[in-house]
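Please keep the sequence and the model in view while reading.

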Amino acid sequence: MLAMTETIATDVAIVGGGPAGIAAALVLRGRGVGRVTILEREADVGGVPRHCGHPPFGMREFGRVLTGPAYAQRLAEAARQAGVEIRTGLSVTALRPGARLDAMCAAGPVEIVAGRVILATGARESSRAARLISGDRPVGVITTGTLQHEVHIEKMLPFRRPVIVGTELVSLSAVATCRKAGIRPVAVIEAADRPTARRPLDLFPRLLGIPMHYRATIAEIRGRGRVEAIAIRLADGSMRELACDGVLLTGRFTPEAALVRPSHLVLDDGSGGPAIDQFGRCSDPSYFAAGNLLRPIETAGWSYREGARIGAMVADDLAGTLPPYVTTTTIVRGANVKLVVPQRLSASGHTGSLDSLQIRVDAATTGPLVARDGSQVLWCRHGRLLPERRILIPLSALQGPRAAGGTIIIEAAGSGSG
Amino acid sequence: MPDGDLFDVAVVGGGVVGCAVARRFTLDGARTVLLERGADILSGASKANSALLHTGFDAPPASLEVACMQAGYREYLEIRERLNLPLLETGAMVVAWNEADRERLNAIEAQARQNGVDDVRRLTPAEVLAREPHLAPDTRGALLVPGEHVIDPWSAPLAYLTQAVENGARAVFGAEVTGGSFDGSEWALQTSKGPVRTGLVVNCAGLFGDILEQRLLGSAGFTIKPRKGQFVVFDKAAAAFLRTIILPVPNERTKGVVLTRTIFGNVLVGPTAEEQDDRDHAGVDEAVLRTLIAKAVAMVPALAGMPVTAVYAGLRPASERKEYRVSADAERRWISVGGIRSTGLTAALGLAAHVARLHADMKQKKDLQPLKNPVWPRMTNLAEHLERDWQKPDHGDIVCHCELVTRREIEAALNGPLPAGDVGGLKRRTRAGMGRCQGFYCQARVAALSEGRLADPLAVDACHD
Ligand SMILES: Cc1cc2nc3c(=O)[nH]c(=O)nc-3n(C[C@H](O)[C@H](O)[C@H](O)COP(=O)(O)OP(=O)(O)OC[C@H]3O[C@@H](n4cnc5c(N)ncnc54)[C@H](O)[C@@H]3O)c2cc1C
Ligand SMILES: Cc1cc2nc3c(=O)[nH]c(=O)nc-3n(C[C@H](O)[C@H](O)[C@H](O)COP(=O)(O)OP(=O)(O)OC[C@H]3O[C@@H](n4cnc5c(N)ncnc54)[C@H](O)[C@@H]3O)c2cc1C
């Protein structure tokens, strides 16, 4: 190993220059924090919106509808004007206890010594391998993120006639990107009996004349060099072969927690991101986290607002006004609950914390979603629960006086799916 | 194709065996050509294996296989520093999970000693767990084989053929040998890249070795029976739970599933053993992958819920017999290196030396003069535990963030004496796209950097939007 070539000392180091990271940086600068440094491994800040070549972005932040790239540019510009220090082409490689980071740039290794760190590394779609899809492993199986990057930034076409898998909101972006680039999808397939993102995905592909297959799963990808076909299993159990030159896997997001997993920070299996308290603090309280790293997946606008909130809490922490880091309550996932963020509550009574628990369920059910402490029901809501919908439980409902070390269970013990 | 050139040796097949054979003949002074039908080396069995450098402790005693494995093992250790080839010294434990397993360990230990692997040692359950604290606690003991190690399965064959090429050999890709005739003194081979004249043919066609014999000799001395092995590769976080290679106690039916770190810092579980007729397709199957994951979790419970980074499958070029099918036909100036089923990565250098001896035993027109001062090319290190390019200055920038692959590495892999010929070849030379995100972040850039350079490219066209 070479000696460290460079040390960056900063009050707050923000890993990831997407909407969440930039929003946090803006608030911190606004609160008078001297050195706020964004560490971004790509050539530009802006995050995923840089290659979402379509609207709508920025309605709340900038009061107008922008395309992803225009929104990303606005964010970058705002950060520069606010005096945020921006280091691009710098890849953070390890998290060390006490807000110290290892990183790498073209010139060599970099060490970052910060007062606080905010992790805002975003989320990505699951790969073909992580989905354990059967069949050959030819060229041409990609995700929406790669498609958009390839089309909008590199100006290249990864395929001409793909099959699109999934009907999440991002699948709509995928269809739009294909259309703009002159790519003609052969079909959209979805394992459920309805689109995950209800509107406008139930209409959109049809309008474009793309066949939709519900209750259809990939049986196998076929092809030696490049994708030649996929075999799908239809609702009635029959098989069908679709000739195509690519497979576009959309959605099934997972937090980009590559730095967290091998680090000293506690990772939450439900969300796939770092476990936090309601102030965004990780298990090492010199680390905070914000944006889609916290859970799959919210919009850019949500991530931006969350980043701003967490930025404010970091400013409070630097000013010494954040409640001490003591877990008083652990939030536990019960039946049919996929994820809960935050996973811990520190002492209550501070305004400006995240104001709700974010919940997602595993499967569609009808019935109550309950938050309880032992047998005491703290919060309850009846109705339909859908896996793609975020459900919010106000923290105020949970923060009655309770013994330290308490546990709140969230469960959706309702019945039936479909 | 250089019309008219007469080669001393044509090696058919650029798997690990062909690459090692081409190196041996070149260093021995033969004018050598390697003919590979794929766009790159490692287009067959050699692209997907467990990447273990075996001691031969459990190989058939007194067989050609064990002899070649042990010679190959020794030569790898001898030459690896000069070629900059990595070694992850892990050792292996053959772990008994029940009483029947435990009893079988006696025979395995005896076989190891018979094969000259004398440093094996029995471990009590407590010793096993002291060595591997994350292993499921219900082990009944193990046989420790300290010499079993992990290597980079791709840089080794690339190094062998690079050394051959840098010392004058030719390597031709997209050159399928489709026929040929022997006129009593030389072979005229037909290939999809034109004719080739050679004094000797070495058949290293792996999964197609018998077909090559049929095409050129009229009949085949063996029949290939492909045997597929599927694998699951876990996230690098899994490497914290394992040091030693965990081998199962083999039973009559199968050698069983291995759990091991890879040299790139992941953990892999596999392979399966599935007979099939197809020689081209090594598909993965979700249900099988799930059973592999379950087996890994049974061995190391902490792997439960561990993200899967990659899945793959390889085909072993097994034959109808459980042995290597190596033969020499002095009359027809032909050597076959067939049926190199499940130990060829280890045995390749030993097989190459064996082939050179078989050749030396044939009546020669002229004696070969070994090269006096051969070039020793140095490979790019991709092993996680050794210094990588990203840790050195002026690497351009990082293109693949998961595997920290630099632009300089990608450019080098696309140039150089043996440039990557397809997407798989580029991945194997650099690891770009082989990490956690499987190309989500980097594939677009890799597509741009490799534009116009690869067969079956990542991008099919430019986009005019
Ligand atoms: C394909 C796709 C399409 C989408 N379409 C829409 C849409 O149409 N509308 C919408 O509202 N939302 C959309 N989203 C969601 C959108 O990504 C998020 O809303 C938003 O970008 C999340 O912001 P973030 O700051 O959390 O993460 P990101 O925008 O992902 O930013 C994370 C940043 O961290 C950087 N980073 C990661 N690791 C490191 C490291 N180790 N060192 C340095 N830097 C690092 C990354 O390079 C990236 O710039 C889409 C997402 C994807 C993947
Ligand atoms: C699942 C699995 C796990 C394994 N694990 C290990 C391990 O841990 N350690 C170990 O030592 N070994 C291992 N092996 C074994 C090892 O991978 C094989 O023994 C080895 O790859 C065989 O190499 P080969 O060169 O003989 O064949 P191949 O790699 O198949 O090479 C033959 C080449 O010839 C080319 N070819 C075929 N026909 C023609 C033609 N007519 N003209 C031109 N070119 C042609 C093909 O394209 C191919 O590239 C494993 C194998 C598998 C499948």
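Helices (H or I, at least four residues) and strands (E, at least two) are DSSP runs, numbered from the N terminus. This is a predicted model, in which local features need pLDDT of at least 70 and side-chain atom pairs count only at pLDDT 80 or more, while totals for chains, interfaces and linings use all residues. Residues are numbered from 1 along each chain as its sequence is written, chains are lettered from A and ligands numbered from 1 in the order in which they are written, and side-chain values use heavy atoms, with hydrogens and water left out.

Glu306(A) lies in helix 7 (residues 300-319) of chain A. Leaving aside residues up to four places away in sequence, Glu306(A) touches Ala290(A), Gly291(A), Leu294(A), Arg295(A) and Gln358(A), where contact means heavy atoms within 4.5 Å. Between Glu306(A) and Gly291(A) the C-alpha to C-alpha distance is 6.2 Å, at a separation of 15 residues in sequence.

Chain A is assigned domain 1 (6-124 + 254-322), domain 2 (127-251) and domain 3 (324-418); such bounds come from an automatic or database domain assignment. The C-alpha centres of domains 1 and 2 of chain A are 31 Å apart. Five residues of domain 1 of chain A contact eight residues of domain 2 of chain A. These two domains bury about 590 Å² between them, 55% of it on carbon and sulfur atoms; buried area is the accessible area (1.4 Å probe) that two parts lose on being put together, summed over both. On the domain 1 side, His51(A), Gly53(A) and His54(A) lose the most area, together 72% of what that side buries.

The remaining topic is the interface of the two chains. Here 53 residues of chain B are in contact with 48 residues of chain A, and the buried area is about 4400 Å², of which carbon and sulfur atoms give 59%. In chain B, Phe440(B), Tyr441(B) and Val460(B) lose the most area to chain A, together 16% of what that side buries. The rule finds two salt bridges across this interface, a salt bridge being a side-chain nitrogen of Lys or Arg within 4 Å of a carboxyl oxygen of Asp or Glu. One of them joins Arg224(A) to Asp280(B), with the closest N and O atoms 3.0 Å apart. Strand 17 of chain B gives the most to the side that touches chain A, with six residues.
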